[in-house]
Amino acid sequence: MCENCGAEPQATDLDLKELDPILEKYGKIKGSLISILQQTQDIHGYLSKEAIDYISKKTGITPAKIYGVATFYAQFRLEPIGEYLIMLCQGTACHVNGAALIEEAITEYLGIQDNETTPDNKFTLNNVACLGCCSLAPVMMIKSKDGDETFGNLTKTKVVEAIKQIQSR
Amino acid sequence: MKIVVGQGSCGVASGAKKTSDALENLISTEGLDARVELAGCVGNCYLEPIVDIYDNDKELTARYVQVQPADVPAIVESHVKNGKVLNEKLISEKDEAFLSNQKRIVLRNAGIIDPEDINEYIAIGGYEGIKKVLTTMSQDDVIEEIKVSGLRGRGGAGFPTWFKWNAAKQSPGTEKYMCCNADEGDPGAFMDRSVLEGDPHSLIEGMTIGGYAMGASEGVIYVRAEYPLAIKRLNIALGQAREKGFLGENILGSNYSYDIRIKAGAGAFVCGEETALIASLEGERGMPRLKPPFPAQKGFWQKPTNINNVETFANVPWIITEGGAAFGAMGTDKSKGTKVFALAGKIKKGGLVEVPMGLPLKDVIYGIGDGVKNDKAFKAVQMGGPSGGCIPAALIDTPVDYENINKTGAIVGSGGMIVMDEDTCMVDMARYFLDFTRKESCGKCNYCRVGTKRMLEILERITQGKGKDGDIELLEELALKIRDGSMCGLGQTAPNPVLTTIKYFRHEYEDHIYNKHCTAHYCKALITFTINDKCIGCTACARQCPVGAITGEVKGQHVVDHDKCIKCGKCEEACKFSAVIRD
């Protein structure tokens, strides 16, 4: 129970012990906060309040500072994401070649907006800065535990087909 | 026989891994005498996946393009088994010109060698530069050679490289850092990714030579987390370089010790600014600070630090082995050597293009890129990303070098070149870039934090048809104040996309504001769809319309109800008779 407000801690299935090897490795090297957060996110999929408190306790860095860093960089998420993360490129070449239409198609098909997750926790949509595959614009990268897959020269039809194909796996 | 499949990120996205797997499978099941290797991206991105066959292991016999797994059996049957080049999939002469019209120094090895095998880099003369430096040159000799070459930073600002190295060398202390900015944040630029993925050893060698020149004890590569393949290949390359003694204690038996490590960035455009990058390396929020002190005096952990871009370092081994004078012989009076451009947008042949500085824009866009997609009218080219600007068609003869591009109001920047055609709305482009800088502003300076937000609001209202008299002047006023009132490059250059589009495309702004009309027929709030007499009454559009705004008899001309129309454009897509007109 929280000493200040009396709230019960939220049940979580996150295993904080999994973070120990990372904290062991980086905890003593100064300036490693970003690396710690990146690897924590790799394990849990996001940065939970519990994980941030745990990192703070183990490293002595205040939670305020950790939040400061975590909210500054685009890579970090404070909310869990779906099994598949759709990273839709918003680079200049993609913008010029119709990334907005692709976003519309995804939104229409999955019923989610940028930074939202489908109710079945399968897909999360993220508009991201340039992925660097500009000659294949418009482009998206789908990240999952199986690795990263990049899809190029997207059209409204192609993007929906790609998502359908993942759904059928 | 050696078969090489280009596998940069864009190649893989086009299916290169599948093609490579198909080749390997077929060759092993048929027991043929050939091996399949990988390489980085050669730069003809529009032709991926690309398969190169070297009959005698050394000379390229045939380059096959757009090879999908289904094409593999035919190529293996004809070329691998019977030694006959398969013409159907062979690169065309015109496409070959895409490469032969270039002058490749930075990209000299990309797409040719296996980036995951150090021996291939060594076999074509790699690490000769560092050998020469450590055995025959003093620190000052190296700096002098770079000075002779005239190499300027390729990350955007174009600052002379030798000057920075010299300043870091002259700073007192033994603990010094050589950093590489591989946080390629400009949307629309991907040359650094190509070097990292295709030729990581040239970066490592360049950084080691630079490290020796300034007396660095350690090198750090700050690379974007969005480039997982680049990080993987860099790690492999660093491991191999250590094994061969090009990194570590007493490199190649000399008394110089130096190693390089990777630090993955976490996604912040402002970290391209060197003091912000240093803050990020130290695990902090990547916020810039005032200069001086310059990083050369007080940088990473308050020690003398030098930061260069990937492309800058990739030039260094070449300069050392071929001589600074050879590099200086290329380019213009003040902009020496070559520059890599990432040609993308509405271009027929997009990809990486490396040309001597000073080549006219036209030669790059039409000579190499083959002009605008679908033969539409060329409107402008955007250079320098969010810090740059749009150069209009009238200035297409501008030579591409630092000085001449600056005169147009754009900048060379890291080398992104996004081609725009008649369908691109210039007000929307300005809005797009301001949306980007507004999100990426670190928030330290008022003018940048609040000013970009206000400019974005004005641009948004113009594109939504709510522009007011005086908006253009207000934008101009804000632009100058943000430029003058911001501490770092991000804020100082953020108004450039707006200033250049107002300068060259003021009529488009006026069209939006006064006529409530989008010149390029792009801005949704300002377009209308009508159906003309080409309509044969097939009803395809009416069936697609999600709001029932289209009515009409079968075989009769249909009509759009503008009050109901939500401008989704589905009717335009559905019509096979070009009867739906967007205005």
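Author: Of the 169 residues in chain A, 36% are buried, where buried means 20 or more other C-beta atoms within 10 Å of the residue's own, exposed means 12 or fewer, partly exposed lies in between, and C-beta atoms are placed from the backbone. The model is predicted: local features need pLDDT of at least 70, side-chain atom pairs count only at pLDDT 80 or more, and totals for chains, interfaces and linings use all residues. Residues are numbered from 1 along each chain as its sequence is written, while chains are lettered from A and ligands numbered from 1 in the order in which they are written.

Reader: In what order do the elements of chain A run from the N terminus on?

Author: Helices (H or I, at least four residues) and strands (E, at least two) are DSSP runs, numbered from the N terminus. Chain A has 7 helices and 4 strands. Their order is α-α-α-α-β-α-α-β-β-β-α.

Reader: What distance separates the centres of domain 1 and domain 2 of chain A?

Author: The domain bounds, from an automatic or database domain assignment, are 16-72 for domain 1 and 84-167 for domain 2. Taken over C-alpha atoms, the separation of their centres is 29 Å.

Reader: Is B:Gly283 buried or exposed, and which residues of chain A does B:Gly283 contact?

Author: B:Gly283 lies in the loop between α12 (274-281) and β8 (305-309) of chain B. Because 20 other C-beta atoms lie within 10 Å, B:Gly283 is buried. Two residues are in contact if their C-beta atoms, placed from the backbone, lie within 7 Å. Leaving aside neighbours within four places in sequence, the contacts of B:Gly283 are A:Gly31, A:Ser32, A:Leu33 and A:Ile34.

Reader: Why is helix α8 of chain B largely enclosed by the rest of the structure, and what covers its buried residues?

Author: Helix α8 (residues 161-170) is largely enclosed because 7 of its 10 residues are buried. Among them are B:Trp162 and B:Trp165. The cover over the buried residues of α8(B) includes, from chain B, α7 (139-149), α10 (200-214), β8 and α13 (310-322).
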